[in-house]
Structures are given as structure tokens and as C-alpha cells.
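Please keep the structure open while reading.

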Amino acid sequence: MEYIDNMPPVDLMRSEKMTFVQLIIPFESAHRAVTYLGQLGLLQFRDLNAEKSPFQRTFVNQVKRCAEMSRKLRYFKDQIHKAGLLPPPLPASQPDIELEELEIQLAEHEHELIEMNANSEKLRQSYNELLEFKMVLQKASGFLVSSSHTTDQETELVENVYSNDNHADTASLLEQEMRSELSNQSGVRFISGIICKSKVVQFERMLFRATRGNMLFNQAVADDEILDPSSNEMVEKVVFVVFFSGEQARTKILKICEAFGANCYPVPEDTTKRRQITQEVLSRLSELETTLDAGLRHRDKALTSIGYHLTKWINMVKTQKAVYDTLNMLNFDVTKKCLVGEGWCPIFAKTKIQEALQRATFDSSSQVGIIFHVMDAVESPPTYFRTNSFTNAFQEIVDAYGVAKYQEANPAVYTIVTFPFLFAVMFGDWGHGICLLLGALVLIARESKLSSQKLGSFMEMLFGGRYVLLLMSIFSIYCGLIYNEFFSVPFHIFGDSAYKCRDATCSDARTVGLLKYNDPYPFGVDPSWRGSRSELPFLNSLKMKMSILLGVAQMNLGIILSYFNARFFSSSIDIKYQFIPQIIFLNSLFGYLSLLILVKWCTGSQADLYHVMIYMFLSPFEALGENRLFWGQSVLQVILLLLALVAVPWMLFPKPFILKRLHMERFQGRTYGILGTSEMVIDEEPGSARQHAEEFNFSEVFVHQMIHSIEFVLGAVSNTASYLRLWALSLAHSELSTVFYEKVLLLAWGYDNIVIRLVGLAVFAFATTFILLMMETLSAFLHALRLHWVEFQNKFYHGDGYKFKPFSFALLADDDD
């Protein structure tokens, strides 16, 4: 035991030792002190104003100002993105700027941009209207010229009847009245305009129904696409001219045009007037193009100047908002001159934090120093593991199940090896392993480049687990060499086979049978098993027994880690009444089964292990006969069975009664407070003896222990059976590889046709990549994950802690508001 206690600590085995500290900061140096602590990133503040709403806190106005500045910066970023401008390179040196000055600059820039965008939008709208008017004039002229040859003088009489407000303004009231009377009597009129091409069919159908077919609809596709200001996309449009008769029809048509978003433009029937208006429109279009280009250049210049400082401004506002959010977690003392803060920090960081606080006092020219002292805490400290880029992914796998309790044994230490190894047992193929290895090496080689880029969700997950993928591929190559499978094809890598044909005339050795003539194959499975009649029974037996051995070994490791947890937390009860009966129960049954497997492998016995294990319970005193593997086996079986039966009540009964006795002894004589002060004691000391005495509930403890015992007993059986997934997944992967190789690649290669061969090769490559390298990898990954979370970690890992989340500028989210 002394040797175990004196062993050097293992990195990652236990979380960092934490301490609870209190800070008393003068008001004038509070902002600078919190800023320096954010740069250091080793102190987790505790919210002392949790009962207050965000609007009742001290620095709420500063937080609002930072949020408003963040909104403006996001607006600038969106405008730069919409303008299609690339982010400019950062200048060599950027002068520092105060937050108040930055707030004024951002307000000015926003006002300028909003004004420029409003002017540009008005100009763009005018430009679009003129462009549409030009297209309507061009296309409608053809319709009007073609209709003029078939019209009579009555149509010419109504030439100026077309109702348009712009033209009606130039005529006298008498002329307008006469025209209105003429048009109402017998005039044929028209309305011209432009509409989106996608709405033309519905538009024409609605016009036909509204006028009951008393109209003529002509259309022509516009020559150019027009920019839609709402969606900022180019839209294809159609020019239309509707001929009709009557004021009622005109009203209906105008309402339908408005409903469908069609823009109507006046087109005079006189050719000379059309030419004059077309020239005026073209002239105004040219002027507007020049004005729009100048406005765009001015806006791009303004956005470019903003873009030079945008990244720095975003980071500055983000950090200042985080500082004020943290200051809102602190509390004013009674004098209102100091801020009081509490939090957790690792013990190794105390010196660094004190240095940062001293620097803050000096830089803020404060007359009073910052007080930093350690306090006792009632609550459990947070869990903090110092990881690197290699170990972080494995730690995340464990944390996804649950964050370790403070100073609890960390499964990630063993997961680094056991997780990729169990994956490889299910995925074993050194050809597929090489493919995964190449992918992992590419990600690692481009690590510096990819880490600075914004990746998609899938690629980000793959890049984060690049070292997990590396170890999985290396172990897959190792297990593939043991299974002797390269894309399901065996090779004589480590020498000649131990088997040969029965005689010289044997032509079909794979089906007739083989004779052993040489020493066993030095490493892995003999390639001669491939294709033989006994291949599947042999590999099934091998992988099934190997799965049980690996499962029992890993479950024993989990129980042993529960012993180290109990020793670390000085819980002798857990050692005597949990660890010892659990290790006895598991190994009395499944440890014994593992021993039988090893003895059978070493001796070459033909004993039936199913029969041995079944009749160990049904007839423990019956002779084993031909299933006897070693001397004294029957006696050993009876002893192990009795130990397993004794271990169950050993786990169930003693611990709750001992806990009750210890509780009564601990609080005996302490449950009496001073007369008349019991309420005060309870209020002031939440952890008082009287409260603890009420908290202990024997029935609850006993039921919990009973559930835990039953779960372990049943779990010992189900967990061992669960490890058979190693055999099942390995067999499935091997058989799938064989099917794709023999039924796709070899079948296609049997044809003397280059096209069939290329098709077969393409199908084989596709199946290997997407089914074996992607789907099978994901399947094996998930099964390995389950084996660690359920079968391994439930033996010792509570996972009911919470992460250490220090106030750190480096950890601020990119999309923080």
C-alpha cells in the first residue's frame, strides 16, 4: 500500500487542485484588474448577483452600449459581405483607441452608410423604373404598329384617349371631358407594363377571367434581366400590352396589375412621341448610371476603410462587453468603494493571478492594493484538466458522457489506448487502416492551415478528432495484420503457411483439406485458413473468445480504478463492501470463463465451455468427464460459485447499516443547540449538525444500494455479452470486404473487356470508400463509444462534476453578442 501511495502522480489521472479565492478590488482599478485576469484566463468568477435581473446590475449601461456597438459592427460586416469586398490585410500597427471614441466613430460611420444606402436605393429604384420603361417602349411599339394597320378611323379618333396622368395634365378640362365621353362610348384602349416571367401565366388567366375574355393580351420577353431590390438578384421579366374596352375593365385590369406586382407605364400611340420619350429615357439612364457608379465607388471606399479596422474593433468591443459582464458578477461592499469578487482558480495559478492584480494596481495608479486571499468553500470545486491538441479529443469523448467529479479518476487516460484498440478489433483490415492513416496524416499535416479557417460542422468534427483517427488507423493496421486481411485478401507476410496439401496430386486444397507440416504461422492468422471449409468456424471461435477476454479485462480495469478512487477519497467502506465483492463476483464467473478459454487454447482441449459454464450452476457437484481441463477444476468451480453467491449480500447489506451507524456516532451529542437560538443557528449555518441529522434517510440509502447491487450483478452478465459486439462487427466487416472483393472486383476482372473491368473497379472503389471506410468506420466508432461509456465507465466513474470555465478572452465565442 505504501508503494501505491508513493507512486508519482499521472498527468490527466486527477483534475487540477483548485482553491476558492476572494478578491477585494478598489473601484478605480476594477476594470483594469478584470481585463488582466481575462488575458490570463485562469480564474472562474462566481456570480454574486444571481438574484438580480440583468437590468438591475451596476454596469448595465456599459453592457448596453457594447451591445449596440456590436450591432453596428455586425451591420458593417454584412455590408462588406454584400458589397463583395475581400477583407483587407491588417495594417502593421493600429493605434489604440478608447471605447468612448470608438462609439462616436461607429455612430458616424453607421449614419454615413445608412444615408448612402438610402440614396443608392432611391437611385437604383429610379434606374430600374427607367430601364423597365425603356423595355416597355421598345416592345410595345411593335404591338401598336402591327395593330395600326388593322384599325379604322375610329381608332385614330381615340389616339389621345389613353388615360395617363402625366399626359392628362397638359390638356384642358374640356378636352379631357370630351375624350372621356368618346372613350366611354366606343374607344379601344390599352394598358402596357412589365411583370416577372414566373407570374405571366397566372396573370393572363386572371385578366381573362376578370374581363370575361373581352381583352387582347400580347407579351414579349424583355431583352435584359433587371435587378430585384428586395432579393438583390437578377430577375427575368416580360413586357405586356392589354387591349380592352370600357372604364370598368380598365379599373379591374389596374387592380390585377397591382396585385401581381406588375409595373404599368404610359406608352403613347404616336410614333414621334414614342421616339422623343425613348430618347429622354436613354439620356436619363446614362446620367443615373454615372451617378450610381460614383455612389458605389464612394461606398466601397468607405467600407474598405472600415474593413481595415473591423477585426480589431470587433475584438475590442467583444472583450469590453465580457469585462463589464464579469464586473456585473461582482458585488459592492458596504462603503460602495470596493468591488468584492469570488471564484475558483487552480493552485498553480495563484502566483500568476497575484502578479496580474499587482500590475493592475500599478497601472491604474490606485492608492489601495487589491486584496487576494483564499477561502473555504462548501460547494464542490470545478473540474479542470490541462490538455493539449492530442489529448483534448479523448477528453471530449469522456466529457460527452459526463464531466468528472473533482479529483475523480479520469477515464481519458486509458481511453487514449483502449478506445482506438477496441475500434480496431472491429475494423481490423490493414488495407483500410492505411486509407484512414493517410486521411489522418493529411489533416495533421495541414493542422496550422485548417485551425485558422472556418470549417463546416462535419469537417470541424473530423479535424478535431484527427489524432483519434490517427490512433484508430494505426491500431487497425495492427489488428489487420493479426487477422491477415488486406481489403479481405490474405498475404504470406511473415513466412510460409503451416499447412500443405494432402498429396502431390491435390488440386483443390481449399475444399479437400490441408495437413499441418510446419511450425505455426509466426504472427496472426495463417493465410491458409482463407477459403477453407473451416475458415468461418475457426474465426468465429477465435474472435468470440477474444472478445470475452478483452471485455473481462476492461471491466476488471474499471473495478480496479474504483479501488483507487476509494483510496484517494479515504473511503474504506467502498473498498471493503464494494470493490472486494465486485471483483470477487466478476472473476468468480467470467474471470473463470476467461481462464478456461486460455487453458483450452494452450492445451488444445476439445472441452465444451458452454457445457462447463451451464452445469457449473445446474449441477456443481457433477463430474466433468471429458470437459475437464485441469486437475481440481470441480472443486474450484464449487468454491467460485459459493464466492459469487456470498458476494451479492456482501455488496447489498453491510454498507447502508455501517453508514447509519457512522452517521449516528458523528452527530451524537451535537444536535442540541443553545436554547432560543436554534432558528438562528440553522439560518446562519446551512451545514449545521441538526440539518445533517435530518438529511440522512436510511430507506433511501438502502434502496440506492440495492439498485446499485442488482445493477452490477445483472450488468456483469449483460456487459460481458455486450463485448461480443467486437466479434460481430469484426465478422461483418470482414464478410463485407470479401463480398465486394470477390463478387465485384474479381467478377469484373474475369471478363476480357476493359469497360467492364473499369466499371467493376469503380464500383469496388465506391463501395470501399463509402460503405467500408465511412459507414463501417462510423459504426465501429459508435460501438467502441458505447463499450467505454456503459461497460467500462459505469464501474467507477460518477461523471457528476462541472467544468472549470475561466474568464478568458481566448475562449470568447466568435458570434458573441
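## An edge pairing

Asn218 stands opposite Val241 in β7. The model is a predicted one. Strand β7 covers residues 237-244 and pairs with β4 in the antiparallel sense. The pairing runs over 6 bridges.

## The sheet

Which order do the strands of the open sheet take? The order is β4-β7-β3-β8, 4 strands with antiparallel pairing. β4 (216-221) and β8 (263-264) are the edge strands. Each has a single partner strand, so one side of each is left without a neighbour in the sheet.

## A helix across the strands

## Two helices together

α8 spans residues 200-210, and helix α9 spans residues 247-259. The two pack at an angle of about 155°. Their axes are 10 Å apart. The crossing of α8 past α9 is right-handed.

What does each helix bring to the contact? From α8 come Phe203, Met206, Leu207 and Ala210. They meet Lys252, Ile253, Ile256 and Cys257 in α9. By class, the residues of this contact divide into 7 nonpolar and 1 charged, with no polar ones.

Technical notes. Residues numbered from 1 in each chain as written. Predicted model: local features only at pLDDT ≥ 70, side-chain atom pairs only at ≥ 80, totals over all residues. Heavy atoms only, no water. Axes fitted to C-alpha atoms, helices over the stretch in contact; angles between N-to-C directions. Left-handed = near helix turned anticlockwise from the far one by under 90°. Contact = heavy atoms within 4.5 Å. Nonpolar A, V, L, I, M, F, W, Y, C, P; charged D, E, K, R; others polar. Pairing = 2+ DSSP bridges.
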